[in-house]
Amino acid sequence: MLGDRWDDGEQEYIGLVFFESGIERVRIPSTLKVLEEGTFHSCKNLKNVEARQGLECIEKDCFACSGLERITLPKSLTEISKSTFSACKDLRTIYVEDGCNARFADVEISASVELIFLQANVFQNNVFNDSQ
């Protein structure tokens, strides 16, 4: 389904499903465990992504060459590819729920990107403020 959000009832998507689409923002449902390779590759209009508790893995080049500016990641995330954000020139902020065990040290991001760890109560209130 293309649009502003995925329905919570959906359980799986094939990699590259949004490749080069005009999607602007995404709420990843708690039922989705893996974002496959290249899922949002070259989505130039994509600005904001919120991943809910339940997401465990983000594969390589998932957001590569996209217009992503901000992403919110849950503590359930345990694996993130080093090339997840490859060529994301607009990426400014990665919000991560405190307690997340994914290794961000190996992820290739610009030095100007802020990696912010949030406590659970702040994290839950941080998602999809339309003014951002």
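## Cysteines

A disulfide is a pair of cysteine sulfur atoms within 2.5 Å. By this rule, the predicted model contains zero disulfides. Cys43 takes part in no disulfide, and the nearest cysteine sulfur, which belongs to Cys62, is 9.2 Å away.

With a relative accessible area of 11%, Cys88 is buried, because buried means under 20%.

## Aromatic pairs

How many aromatic pairs does the model hold? The count comes to four. In one of these pairs, the ring centres of Phe18 and Phe40 are 5.0 Å apart and the ring planes meet at 10 degrees, so the pair is stacked; the cut-off for stacking is an angle under 30 degrees. Phe18 lies in the segment before β1 (25-28), whereas Phe40 lies in the loop between β2 (34-35) and β3 (48-51). The pair therefore ties together parts of the chain that are 22 residues apart in sequence. Phe18 and Phe40 are both buried.

A further pair is formed by Phe63 and Phe85, whose ring centres are 5.8 Å apart and whose planes stand at 15 degrees, so this pair is stacked as well. Distant parts of the chain are linked here too: Phe63 is in the loop between β4 (57-58) and β5 (70-73), and Phe85 is in the loop between β6 (79-80) and β7 (93-97), 22 residues apart. Phe63 is buried, with a relative accessible area of 0%. Phe85, at 3% relative accessibility, also counts as buried.

## The phenylalanine cluster

Which residues do the ring pairs link into a cluster? The cluster consists of Phe18, Phe40, Phe63 and Phe85. Among its members, Phe18 comes from the segment before β1, while Phe85 comes from the loop between β6 and β7.

Val113 is located in the loop between β7 and β8 (114-118). Is Val113 buried or exposed? Its relative accessible area is 11%, so Val113 is buried.

Which residues does Val113 touch, leaving aside those up to four places away in sequence? The contacts are with Leu91, Arg92, Thr93 and Ile94. The C-alpha atom of Val113 is separated by 9.8 Å from that of Lys89, and these two residues are 24 residues apart along the chain.

Definitions and conventions
Residues numbered from 1 in each chain as written. Predicted model: local features only at pLDDT ≥ 70, side-chain atom pairs only at ≥ 80, totals over all residues. Heavy atoms only, no water. Phe/Tyr/Trp six-rings, centres within 6.5 Å; stacked < 30°, edge-to-face > 60°. Helix = DSSP H or I, 4+ residues; strand = E, 2+ residues; numbered from the N terminus. Buried < 20%, exposed > 50% of the residue type's maximum accessible area, 1.4 Å probe, protein only. Contact = heavy atoms within 4.5 Å.
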